[in-house]
Amino acid sequence: MTSNRIKQTAQKIALLRDHFIHHDRFEPLENRFSLLIEKRLADCEAGRTSEAHGLALSGLSGTGKTSAMDQLMMRGRQRLDRSGHQSFSNFSIRVPSPATLKFVGQTLLRALGYQISSERQAWYIWDLVRHHLKERKVLFVHLDEAQDLASRGTRHELNSVASMLKTLMTDPEWPVGIILSGTPELEDILNHDPQLARRMDTVHFESLSPVAHGNDVLDLIENYCSKAKLEPGPDILELAHGERLIHGAANQFGLVIELTLAAIEQAYLADVSRLTRSHFSQAYHLRTSCTDMFNPFVIPDFHRIDARQVFARERR
Ligand SMILES: Nc1ncnc2c1ncn2[C@@H]1O[C@H](COP(=O)(O)OP(=O)(O)O)[C@@H](O)[C@H]1O
Ligand SMILES: [Mg+2]
């Protein structure tokens, strides 16, 4: 294989990766976020400071939450710019580990462009956070992998993080909306604190089911083939292939995309113009190191493979 082909493959795959697929779960999420932004802007324009509201997005690992939130934040930015609200902003961080009150505050402060010595106490850090949120006219703060706020810290830490989120949302001078995304355990935070839950809309990204979504996934593959300028082979346009792919991707939308891109990569590397099931089986093998006996693109009774375990091992 020439190094030129490897380079070209990498470039083409990077372009395909950049493309965001508008699945039908995204629009309701975007509509809710847009409404939250508009409500806050209306309050700001009227000089009102009613408490902010937030949003919690949950779903299993690989379902597409981080990608959806990135897209949402980007579109939120565009929305503010288009409507003459350039001075307002939104911020996104990944919850750090350990998710203590102090460390979360420091990470947020860094995202706001402010470094601080870790000697400082938590209350001091959060005072600064609130100051900068107001200075930067931050409407929403997004915390990704928010389940870590509940699982890593002690009970005491969970209480203090939950009450800090509440404090941010009800700040009399500058209330900030909180957006949480993470695995379903993040609901523990909301269940833990009804006052916080009252201020949050919740959205859940369901897993795919081979029966209900087999055809949608075939459309998705065709769509990717046309973007990738590959012809779809007949064996990947059968409903059974859609079912295999969903099963191999542990029923997760994002993993379906990852496997499809990995299969396209194999076709590019082999320098062929047609994408076939064998590219999927090679891609699966490379991703999981499983033998053919455990490869859902090889064996007929693919249902007996537990793909979630394979991906859980990989994404840990
Ligand atoms: N809507 C989408 N369009 C394109 N690619 C996506 C989309 N959603 C997910 N993906 C792909 O799936 C992968 C896993 O999605 P991710 O957002 O990281 O899932 P989660 O955060 O729920 O674990 C991402 O790396 C991305 O490549
Ligand atoms: Mg994620």
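This is a predicted model: local features need pLDDT of at least 70, side-chain atom pairs count only at pLDDT 80 or more; totals for chains, interfaces and linings use all residues.
**The cavity**
- L101, V104, W126, L143, L149, V161, M164 and L165 form the lining of the largest cavity.
- Two elements, α4 (101-111) and α7 (155-170), each give two or more residues to this lining.
- Helix α7 provides the largest share, with 3 residues.
- Sorted by class, the lining has 8 nonpolar residues, with no polar and no charged ones.

**The second largest pocket**
- This pocket holds about 330 Å³ of space.
- Its lining is made of 15 residues, and H23, D24, L208, D216 and F253 are those that lie nearest the centre.
- Helix α10 (residues 210-228) gives the most to the lining, contributing 6 residues.
- By class, the pocket lining splits into 5 nonpolar, 5 polar and 5 charged residues.

**Strand β3 and its partners**
- On one side of the pairing list is strand β2 (residues 89-94), which runs parallel to β3 and is joined to it by 6 bridges.
- Strand β4 (residues 177-182) also pairs with β3 in the parallel sense, over 5 bridges.
- D144 of β3 takes part in both pairings: D144 is the bridge partner of R94, and in β4 the bridge partner of D144 is S181.

Technical notes:
Residues are numbered from 1 along each chain as its sequence is written. Chains are lettered from A and ligands numbered from 1 in the order in which they are written. Side-chain values use heavy atoms; hydrogens and water are left out. On a 1 Å grid over the protein atoms alone, a cavity is a set of points where a 1.4 Å probe fits but cannot get out, and a pocket is an open set with protein on both sides within 12 Å along at least five of seven lines; lining residues have an atom within 4 Å of a point. Grid points are joined across faces, edges and corners, and a volume is the space filled by probe spheres set on the points. Helices (H or I, at least four residues) and strands (E, at least two) are DSSP runs, numbered from the N terminus. Ala, Val, Leu, Ile, Met, Phe, Trp, Tyr, Cys and Pro count as nonpolar, Asp, Glu, Lys and Arg as charged, and the others, Gly among them, as polar. Two strands pair if DSSP finds at least two bridges between them.
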